[in-house]
Amino acid sequence: MKYIKRFIIIILIISIAISQISCDKLSKQNNNTIINKINKNEVQNFVNKSINKEQLNIAVLQSNRLNPIFNLNKEIYYIFQLCYEPIISYNKNGYTLILAESIVNENKKVIKIKLKDNIYFHNGKKMDAYDVLETYNLRYKINNPYFKALLNYINYIKVESRLILKINFKYASAMNMLILTKIPIINFDKKLIYNKDYIPYGTGPYKIENVQSKEYIFLEANNQYYKGVPHIRNIKVFLVKDKDYEYNLFKKWTTDLLICDQKIYSNDFSDELYKKEE
């Protein structure tokens, strides 16, 4: 089958905050591939499409809170998109079912969700409707103005069976569906979840295998991922203090990718990998 060869890591860096590093030095070098005009709306299409590479290395700024519930670092947030997934996603073509098998608008204020029956968290637990309920309840309790504002649209959530739940909203609003795209579903230890460095379990194509809070995050491919195992087995994310150090890691070929001035620079890969196969 003809397809576009693109690698999974682009989902990490598509929406990372634009670096303050000047790219003048990179632009003058011939040994770096530059991939231009990456479209944010294509992010979901990159999941599970990768090149044949065992491990990919990138660097992002350090965060004082690695727990995704409390994390405010935008770069870390986009890394976590590889590990945690919402019920649905949204792009220019509309909504896409992710963890949901089907979604029915019973009326303007009630959405009925049937979850997929083949979704597993990284700890091996099978996802069910109660995980959705507990995730939404947790998000409401956390003192985060953004999520609290979103969840204020919800009147209540009713679990009807292991895979079916209904969300009753306070208002008839376009925001109702959008809320389902914003909150990744997690499985967590209720005693540990408020620890700033606790890592809950997700359902995404990668699981967090090892964390050194001031050094790196190590991601490993999820062998139970319902869309198939990613080709890139491991991703090592170096946690750096500033953008200059991030640039130096790339310059020394310690990391494979760097984003700045809305361009993605690659040390290892040819332009041929980004062209359509005729």
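Which residues does I87 touch, not counting residues up to four places away in sequence? The close-up views below, all taken from a predicted model, begin with that residue and then move on to other parts of the chain.

**View 1. I87 sits in the largest nonpolar core.**
Leaving aside residues up to four places away in sequence, I87 touches L97, I98, L99, A100, I103, I113, V132, Y136, L180 and I185. Three of these partners, I113, Y136 and L180, join I87 as the members that touch the most others in this core of 32 residues. Strand 6, helix 4, helix 5, strand 7, strand 8 and helix 6 each give two or more residues to the core. Helix 4 gives the most, with four residues. There is also a second, separate core, made of 29 residues, and I69, I76, I186 and I199 are among them.

**View 2. Helix 4 and the elements it packs against.**
Helix 4 covers residues 129-141, which makes 13 residues. From its first C-alpha to its last, this helix reaches 19 Å, close to the 18 Å expected at 1.5 Å a residue. Look along the helix for its buried residues: A129, D131, V132, L133, T135, Y136, L138 and R139. The partners that these buried residues pack against are strand 6 (110-115), helix 5 (145-151), strand 7 (154-159), strand 8 (164-169) and helix 6 (175-182). At the N-terminal end of helix 4 you can find a cap, provided by D128. A side-chain oxygen of D128 lies 2.9 Å from the backbone nitrogen of Y130.

Before you look, a reminder: strands of a sheet pair through backbone hydrogen bonds, either parallel or antiparallel. Strand 8 and strand 6 are antiparallel and share five bridges. To find your place in this pair, look for K114, which stands opposite I164 in strand 8. Strand 7 also runs antiparallel to strand 8, and five bridges join the two. Here I157 has I167 of strand 8 as its bridge partner. Strand 7 and strand 8 form a hairpin, with four residues between them.

**View 3. Strand 11 and its two neighbours.**
Strand 10 (residues 216-221) runs antiparallel to strand 11, with five bridges between them.

**View 4. K243, a buried lysine in helix 7.**
K243 belongs to helix 7, which spans residues 243-251. Is K243 buried or exposed? Its relative accessible area is 13%, so K243 counts as buried, the cut-off being under 20%. The side chain of K243 also makes a polar contact of 3.0 Å with the side chain of E246.

Look for K196 in the loop between helix 6 and strand 9 (206-212). With a relative accessible area of 46%, K196 is partly exposed. K196 and N67 are 129 residues apart in sequence, yet their C-alpha atoms are 5.3 Å apart in space. Not counting residues up to four places away in sequence, K196 touches N64, R65, L66 and N67.

**View 5. W253 has a positive phi.**
The loop between helix 7 and strand 12 (257-260) holds W253. Although W253 is not a glycine, its phi is positive, at about 65 degrees. W253 is partly exposed, and its relative accessible area is 44%.

Key. Residues numbered from 1 in each chain as written. Predicted model: local features only at pLDDT ≥ 70, side-chain atom pairs only at ≥ 80, totals over all residues. Heavy atoms only, no water. Expected span 1.5 Å × (residues − 1). Buried < 20%, exposed > 50% of the residue type's maximum accessible area, 1.4 Å probe, protein only. Contact = heavy atoms within 4.5 Å. Polar contact = N/O pair within 3.5 Å; in protein donor to acceptor, adjacent residues only side chain to side chain. Pairing = 2+ DSSP bridges. Core = buried A, V, L, I, M, F, W, Y, C linked by side-chain atoms within 4.5 Å.
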